[in-house]
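Please read them with the structure open.

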Amino acid sequence: MNHRSRISWRRTIIGLCSVPFIALAAAHVPASAQQPATGVSPSTAVGQPPAAGQGLMIPAERIPYFHDWASSPHAKADARAFTNWNEVGEIPETCARCHSTPGFLDYIGADGSAPGVVDRKAPTGSVIACGACHNDTVRQMAAVTFPSTLRVEDLGANARCMTCHQGRTAGATVTAAVLGHGEDTVVPELEFINIHYRAAGATLMGTMARGGYEYGGLPYASQRRHPEPFNTCTTCHELHTVAPKSEPCAACHEGVTNRESLVSIRKSLVDHDGNGDIVEGIAAEVANLHGRLLSAIQTYARDVAGASIGYHPHAHPYFFNDVDDDGALSEEEAKMPNKYASWTPRLLKAAYNYQFVGKDPGAYAHNAPYVIQLMHDSLADLSEANVTDLTRP
Ligand code: HEC
Ligand code: HEC
Ligand code: HEC
Ligand code: HEC
Ligand code: HEC
């Protein structure tokens, strides 16, 4: 196939990447071409049930990027992000946008409904299919509204990613919850406020999205400023496997050979975590500050809020009473009835930022200055003594 005809073939396929076409095509892919590892077939790829009796045949190998996509987390049909609602049998409006293809199409208005809102519950059983990211509506979409209500324009194809990877709360959610209460007063009605998972878009946009709790009177980093074109989701991540890239980084970041070595990347010469090491990766600066923030949260909770606190990264709602005050949570302690209930406004703000950083494992690459500022300011707010040896970026 010559170059020109390859391009036109590709164009045709993209044009045909509309939901019904691939659904029809996919219905006839032999079972052997499907992906047993993920339980995904080309028909789940588009999020539509196969239509019987149609004559179109396109084998999976000829659907461009099918295998890349099928190996991605977006196609992992057995992930909790897709199976969580199986017992109930439907996905509620508040969750459907990011956890199903029909819910996403509903949110962006590609199904003819009003954009910006999910109007109805979505069926279970879909993944993030081709048809979510490829349709006429999404092609026009370049802006994203974040939970802070701030809207960011001109995002191009990355608007798709950020519509889901933006978190469910914002600093403003915390501000509203603590309004009218003294900073160090235990407020029994306060509950932990959770950013949710993998809110990379909110990290990347920094203060343009105000995903973190930003303390009054301080400047915060804006959208990540990295040499072009490595500023967007789809230049740093593979388009369809969505794995973080490493080969293009090596040109400017010495020592990068694979994904594991990305954490060694370092350009800034400022010691942010106070350990005197300015050669360790920026990822280590972020991780060390994160550790210091948890210790400071624990000290404050014990001394000021009057009840010891512990954090569990995988048990909802993450912060629990550290009943035996041993600085760690046992399985028994990390249970719902023992959830932390002595929140003061100051504590809630710091805990919110702690989780904001913790639930974005790519935070160091997405926007190190922003997350370092958030953690620095939370530390300082808990006690000025926490930051005497630290430098704010
Ligand atoms: C704005 C988008 C968005 C909304 C709305 C949303 N989620 Fe999520 N959720 C995500 C993303 C992104 C992940 C990916 C986590 C990952 O990659 O591990 C996720 C992950 C999850 C997981 C899997 C966690 C794990 O440990 O693997 C569960 C469970 C979940 N969400 C529940 C919910 C529920 C319940 C709702 C509605 C009340 C909801 N989500 C609404 C974006 C969203
Ligand atoms: C999570 C979102 C997402 C999903 C799911 C997805 N794609 Fe894409 N795809 C993109 C983005 C972003 C681009 C680049 C911008 C564009 O061309 O729209 C792209 C580009 C493409 C292109 C053009 C690439 C080129 O080289 O010019 C094709 C063809 C394509 N996708 C096919 C598919 C197929 C088939 C599936 C399902 C098997 C799929 N995509 C699933 C996001 C997605
Ligand atoms: C419709 C919502 C949606 C869209 C659009 C979307 N994602 Fe996701 N993404 C998710 C969910 C849900 C998961 C978790 C899937 C799982 O647990 O297997 C996820 C997982 C991921 C992961 C893996 C996270 C992990 O924990 O391993 C990466 C990386 C990712 N997405 C990047 C992207 C990029 C880049 C784009 C745009 C091209 C994008 N996503 C578009 C919902 C979405
Ligand atoms: C400067 C490059 C860069 C940009 C821009 C970028 N990422 Fe990342 N991202 C990374 C790196 C590097 C990691 C991996 C961190 C690690 O594993 O050490 C990562 C991790 C992630 C993860 C978590 C993956 C996991 O396995 O837990 C998600 C989800 C993600 N990115 C989504 C996005 C989305 C969505 C965008 C756009 C809003 C984006 N990223 C923009 C480099 C980038
Ligand atoms: C063209 C050269 C170039 C390429 C290619 C490049 N970077 Fe960078 N990177 C830089 C420069 C210059 C900085 C310092 C920018 C700043 O923070 O002001 C930087 C900063 C960073 C930082 C923060 C380091 C610190 O100390 O704060 C991370 C993380 C990073 N890059 C990741 C990546 C990843 C991941 C890739 C590949 C997907 C990549 N870079 C590709 C030039 C590059």
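Which residues in H14 meet which residues in H16? The first point below takes this up.

1. In H14, the residues that meet H16 are Ile-282, Ala-283, Glu-285, Val-286, Leu-289, His-290, Arg-292, Leu-293, Ala-296, Ile-297 and Tyr-300. Their partners in H16 are Ala-363, Tyr-364, Ala-368, Val-371, Ile-372, Met-375, Ser-378, Leu-379 and Leu-382. Two residues are in contact if their C-beta atoms, placed from the backbone, lie within 7 Å. By class, this contact of H14 with H16 has 16 nonpolar, two polar and two charged residues. Ala, Val, Leu, Ile, Met, Phe, Trp, Tyr, Cys and Pro count as nonpolar, Asp, Glu, Lys and Arg as charged, and the others, Gly among them, as polar.

2. A word on the basis of these notes. The model is predicted, and local features need pLDDT of at least 70, side-chain atom pairs count only at pLDDT 80 or more, and totals for chains, interfaces and linings use all residues. Residues are numbered from 1 along each chain as its sequence is written, while chains are lettered from A and ligands numbered from 1 in the order in which they are written. Helices (H or I, at least four residues) and strands (E, at least two) are DSSP runs, numbered from the N terminus.

3. Two packed helices are described by the angle between their axes and the distance between the axes. For H14 (residues 282–305) and H16, the axes come within 9 Å and cross at roughly 25°. H14 is therefore roughly parallel to H16. Axes are lines fitted to C-alpha atoms, for helices over the stretch in contact, and angles run from 0 to 180 degrees between N-to-C directions. Angles under 35 degrees count as roughly parallel, over 145 as roughly antiparallel, 65 to 115 as roughly perpendicular and the rest as oblique. H14 passes H16 in a left-handed crossing (the near helix is turned anticlockwise from the far one by less than a right angle; clockwise would be right-handed).

4. The axes of H15 (residues 345–358) and H16 cross at roughly 160° and come within 10 Å, so these two helices are roughly antiparallel to each other. Their crossing is left-handed. H15 contributes Arg-346, Lys-349, Ala-350, Asn-353, Phe-356 and Val-357 to the contact, and H16 contributes Ala-363, Val-371, Leu-374, Met-375, Ser-378, Asp-381 and Leu-382. These residues divide into eight nonpolar, two polar and three charged.

5. H14 and H15 also pack on each other: their axes come within 10 Å and cross at roughly 155°. The pair is therefore roughly antiparallel, and the crossing is left-handed. Among the residues that meet are Val-286, His-290 and Leu-293 in H14 and Leu-347, Ala-350 and Tyr-354 in H15. The contact has 12 nonpolar, two polar and no charged residues.

6. Ligand 4 has 22 residues around it, of which Ala-200, Cys-233, Cys-236, Gly-362 and Ala-365 come nearest. A residue is near a molecule if its C-beta atom, placed from the backbone, lies within 6 Å of it. H10 (158–164), H12 (200–205), H13 (233–236) and H16 (363–382) each give two or more residues to this shell. The shell comprises 12 nonpolar, nine polar and one charged residue. Domain 2 (80–164) and domain 3 (171–227 + 265–307 + 342–387) each supply at least three residues; the domain bounds come from an automatic or database domain assignment.

7. Around ligand 3 there are 21 residues, with Pro-73, Lys-76, Ala-79, Cys-161 and Cys-164 nearest. Two or more residues come from each of H6 (93–99), H8 (130–133), H10 and H13. H10 gives the largest share, four residues. The shell divides into 12 nonpolar, six polar and three charged residues.

8. Some backbone details in loops deserve a look. A cis peptide bond joins Glu-228 and Pro-229, with omega about -5°; Pro-229 is in the loop between H12 and H13. Another cis peptide bond, between His-316 and Pro-317, has omega about -5°, and Pro-317 is in the loop between strands E5 (309–311) and E6 (319–321). Tyr-65, a residue other than glycine, has a positive phi, near 70°. Tyr-65 is in the loop between H3 (42–46) and H4 (66–70).
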